Amino acid sequence: MAAGVATWLPFARAAAVGWLPLAKKTMPKPPVDKKSRNDEILFVNVSGLRFQTWKNTLDRYPDTLLGSSEKEFFYNEDTQEYFFDRDPEMFRHILNFYRTGKLHYPRQECIQAFDEELAFYGIVPDIIGDCCMEEYRDRKKENQERLAEDTEAENATDTPLPPHSTSRERLWRAFENPHTSTMALVFYYVTGFFIAVSVIANVVETVPCRPPKGSKKDLPCGEKYTLAFFCMDTACVLIFTFEYLMRLFAAPSRCKFMRSVMSVIDVVAIMPYYIGLVMPENEDVSGAFVTLRVFRVFRIFKFSRHSQGLRILGYTLKSCASELGFLLFSLTMAIIIFATVMFYAEKGTKGTNFTSIPASFWYTIVTMTTLGYGDMVPNTIAGKIFGSICSLSGVLVIALPVPVIVSNFSRIYHQNQRADKMRAQQKVRLARIRLAKKGTTNAFLQYKEEGGFQGRGSDNALCLKNRSSFEHQHHHLLHCLEKTTNHEFTDELTFSEMCMTESVGYRTSRSTSISSQQGVATSCCPRRAKRRAIRLANSTVSVSRGSVQELDTLQVHKTSAGPQSSRSSLNARTEDLKLNCEDRDFTAAIISIPTPPANTPDESLPPSPAIPGILRNSRPTSFTHETVKISSL
Amino acid sequence: MGALMVIFSLQTKQRRKMTDSVEDELELSAARHRPEALEQLEAQTRFSRKELQILYRGFKNECPSGVVNEDTFKEIYSQFFPQGDASTYAHFLFDAFDTDHNGSVSFEDFVMGLSILLRGTVQEKLNWAFNLYDINKDGYITKEEMLDIIKSIYDMMGKCTYPTLKEETPRQHVEIFFQKMDKNRDGVVTIDEFIDCCQNDENIMKSMQLFENVI
C-alpha cells in the first residue's frame with residue numbers, strides 16, 4: 001500500500017456507515033484488534049544519540065526494519081531501548097521519512113554511505129521524494145560509472161599471466177599490451193616504423209623529381225624510381241600482412257576480431273596492393289586502380305594502436321555521435337534554405353555563378369563556415385542581404401554543439417588519465433594484498449612454532465598475550481584444517497627448498513608464481529574486509545592487515561625421519577596409534593567473539609617418544625570450520 | 001538523412017537504457033529479506049533470545065540486505081584460508097546451509113545451521129555432515145562426491161604444504177574413508193552406515209563437543 005495511507009484507514013472504515021442503507025447483505029464481522037490501542041513512545045538510541053518517536057509512526061511502513069518485528073533483534077532490555085550501531089546523522093533522515101512520508105537525500109553525504117544506510121533499514125530508494133530524486137540519480141549514475149571503470153582497470157591486461165596459458169594467449173597479450181615482453185616491444189616499434197615509412201613513401205611518390213636524362217618534363221618521383229618504391233611498398237605490405245595474420249591467429253574470438261575497427265583498417269590498408277598485383281595492366285581498369293591507391297592512406301590510421309590520444313579522439317567522436325548528428329542535420333537544413341534563397345535572388349543577374357541550387361550549395365557552405373573564398377559572390381542587393389544573414393547564422397549554428405563535444409572530450413580524457421593512475425595503483429594494491437596474505441600465514445607458522453597449541457596458562461602465555469583472541473581462533477581453524485588433511489602449512493622458502501631436494505624438475509619460480517597467483521584480488525572489498533575485522537570487540541588486527549613477521553628461525557620442520565613420519569611431537573598418543581588416517585570433516589561454526597577459544601583439542605598431550613617407522617597416528621579429530629566474523633557487543 | 005537516422009537510433013537506445021535501469025533497481029530491492037520474528041526463531045532453534053540478537057546484529061551488519069549470496073560467501077571464506085583456494089569448498093558449504101536451495105542464505109538458514117552444529121545432538125550433527133558430503137542430496141555418498149569434497153578441502157591447503165601434496169593423496173583419502181564407512185561394500189555410503197560408523201569411533205565422538213561454546 002502507498003505510504004501514509006494507514007492513518008486514513010480508520011476514516012475510510014468509519015465512512016463505510018454510509019453504505020449501510022444500501023447494502024444488500026449484512027456486513028461481515030470486523031477483525032479483532034489484539035494489540036493494545038494505546039500508543040507508546042519508543043526510544044531509539046543510534047550510537048549515543050537518542051531519538052524518541054511514537055510507535056505508530058514507525059508502524060506506518062511495516063516493510064522496513066523499524067516498522068516490523070525485525071527491530072526486536074536490536075532491543076536492549078537493560079536500557080529499554082532499541083540500540084543501533086549506525087550513523088546518527090543519517091538516522092535523522094531515515095526517521096524523517098517515517099514522520100513525513102518523504103525521503104530526502106542529503107546533498108553532502110556520500111551516495112554509497114546513504115545507500116548502505118537505506119539497505120540496512122530496509123528502505124527502498126525508489127521512494128525518494130521528487131525534490132531530491134534527480135540529484136540522487138545523477139550521483140548514483142556517476143558513482144556506478146566510476147565503479148565500472150575501476151573494475152575495468154582492474155581487469156586490465158597488466159595483470160600477470162596465469163601460469164598455464166597457451167602460446168596463443170601469450171601472443172594475444174603481447175599484441176594487446178606491448179610492455180609485457182621485450183619481443184612485443186620490438187615488434188611494436190618495428191610496425192610503427194614501417195607504418196611511418198609507408199605513409200612517407202606514399203607522400204614522396206607524388207613529389208616532382210628531376211626529370212631523367214633526355215626529357216624536359218618534371219616527373220613525380222613515383223614514376224622515376226618505380227622499382228624502389230615498389231620494393232618499399234612490398235616490404236611494408238608484407239609486414240602488415242604478417243602482423244594481421246598473427247593477430248587473427250592469436251585472437252580469442254576471431255569473429256569478433258574481424259569485426260573490430262582496427263582489423264578493418266588493417267585490411268583496407270593492405271588490400272590495394274594485392275588487388276593491384278592481380279589486376280591486369282589494361283587501360284580502363286587502371287583508372288579504378290588509381291582510386292584504389294587512395295585507400296593506402298588509411299595506413300595512417302594504424303597509428304591509433306600506437307597512440308592513445310588518437311584513440312581518445314576516435315572514442316570522443318563516437319560518443320558525441322548524437323551531437324554531431326544534430327549539427328549535421330541543422331547545417332543541412334540551413335544550407336538548403338539559404339542556397340534556394342540565393343539562387344532565386346541571383347537568378348536575374350547575367351553571367352552569374354549561381355547556375356542552380358546545388359551550385360549554390362557551395363556558396364552557402366563557404367559562407368556559413370566563414371571561409372569566404374570569393375569564387376562565388378552575389379551581385380544583387382537582395383543577394384547581398386541574404387548572403388550576410390547566411391554568414392551570421394552560420395556562426396551561430398556551428399558554435400552551438402561544439403561545447404558539448406569539447407566537454408565530452410575532456411571527460412573522456414580525464415577518465416583515461418584516471419584509468420592509467422588506477423592501473424599504476426593496482427600493482428601496489430596487489431602487492432599489499434599478497435603481503436597481507438603472507439603475513440597471515442607467517443603469523444600462523446610462528447604461532448605454531450611458539451607452541452601455541454600447548455594450552456594456555458603455561459609459560460608460553462607471555463609470548464602469546466599480544467595476539468588477539470581473533471588470531472587465536474583463526475589459528476585454531478587453520479590448525480584444524482591441517483589435522484584434517486594431515487599436511488602442514490609451510491612458507492614459500494621452505495617449500496621451494498623441499499621441492500628442489502625432492503625432485504630435480506621443479507623450478508623455484510614455481511612457488512613464487514603460485515603465491516602470486518593466490519593474491520587473487522578481492523579488491524572489490526578490501527575496505528570491507530578491513531571494516532569487518534575492525535568491528536571485532538577486542539582486536540584491531542584484521543586478516544588483511546595481518547602482522548608481517550619475519551621468519552627468522554622456523555624450526556617446525558625438524559623431522560627425525562623422512563617426510564612420511566608423523567609430526568610426532570604434536571599428534572602422537574601412545575595408546576592410540578592407528579595406521580590409517582581417518583579424518584572426519586565436520587563443519588562447526590565459530591563465531592569469533594572474544595571468548596576464550598574452545599577447549600584445545602588433544603594436542604595438549606605430552607609428546608610420546610617418537611617411534612620412527614610408524615606411519616601415521618593422526619587423530620581423527622580434525623575439523624574444518626566455517627568461521628563467520630560477527631561483531632560482538 | 002543519415003543524420004536523422006543516427007538521431008533516432010540514439011533516442012531509442014536511451015529509452016531502452018532507462019527501462020533497463022528501472023528493472024535493475026526493482027531487482028535490487030527485491031533482494032531484501034526480513035527474518036522471522038524473534039519469538040519464532042527462539043522456538044525453532046536452541047539459541048536464547050540474547051544470543052539470537054547478537055547473531056542477528058552481526059549478520060545484519062555484514063549483509064544489510066538480509067541475505068548472503070554465494071559470491072560473498074566464497075569471498076568471506078577465502079579470507080580465512082589465504083594460502084589455498086577455498087571457493088570449491090565454500091560452494092559445498094553454501095549448498096549445505098542453503099536448505100531451501102534458493103541460491104541465497106538468509107538469516108533463518110544461517111541460524112538453523114548454527115543451531116544444529118553447536119547445540120544439536122550427535123545424531124543431528126552427523127546428519128548435517130552427511131548432508132554436506134552428499135552433493136546431489138540423493139541420500140547416498142558416492143566415491144565421486146567424496147572425491148570432490150576431499151579435493152576441495154585439500155585445495156584450501158594451497159601448494160606450500162609439508163609434506164608436499166601429491167596427486168593421489170585425495171584419492172587415497174577417499175579409499176580409506178570408504179573402507180571404513182562402506183560396510184556392505186556396495187560402493188555408496190548411506191546415512192545409517194555413516195552414523196553407525198561415526199558413533200562407534202570414539203575419537204570422533206570426543207571431538208564433537210569441541211565447539212559447543214563457540215558463541
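Mentor: In chain A, strand β1 (residues 41–46) and strand β2 (residues 49–54) run antiparallel, joined by six bridges. This is a predicted model: local features need pLDDT of at least 70, side-chain atom pairs count only at pLDDT 80 or more, and totals for chains, interfaces and linings use all residues. Residues are numbered from 1 along each chain as its sequence is written, chains are lettered from A and ligands numbered from 1 in the order written, and side-chain values use heavy atoms, leaving out hydrogens and water.

Trainee: What counts as a strand, and when do two pair?
Mentor: Strands (E, at least two residues) and helices (H or I, at least four) are DSSP runs, numbered from the N terminus. Two strands pair if DSSP finds at least two bridges between them.

Trainee: Which residue in β2(A) is the bridge partner of A:Val44?
Mentor: A:Phe51.

Trainee: How many residues sit between β1(A) and β2(A) in the hairpin?
Mentor: Two. A:Ser47 in that turn has a positive phi of about 50 degrees.

Trainee: What is the strand order in the open sheet?
Mentor: β2-β1-β4-β3 of chain A, four strands with mixed pairing. The edge strands are β2 and β3 (75–76) of chain A, and each pairs on one side only.

Trainee: And how does β3(A) pair with β4?
Mentor: Antiparallel, over two bridges, with β4 of chain A at residues 81–84. A:Asn76 has A:Glu81 as its bridge partner in β4(A).

Trainee: New topic. Which residues does UniProt annotate as "transmembrane region"?
Mentor: The unreviewed entry lists several spans in chain A, including 183–204 and 224–245. UniProt positions use the numbering here, feature names are shortened, and annotations may be inferred rather than shown by experiment.

Trainee: Helix or strand over residues 183–204 of chain A?
Mentor: 100% helix and 0% strand, with the end C-alpha atoms 31 Å apart. Residues 224–245 of chain A are 95% helix and 0% strand, with end C-alpha atoms 33 Å apart.
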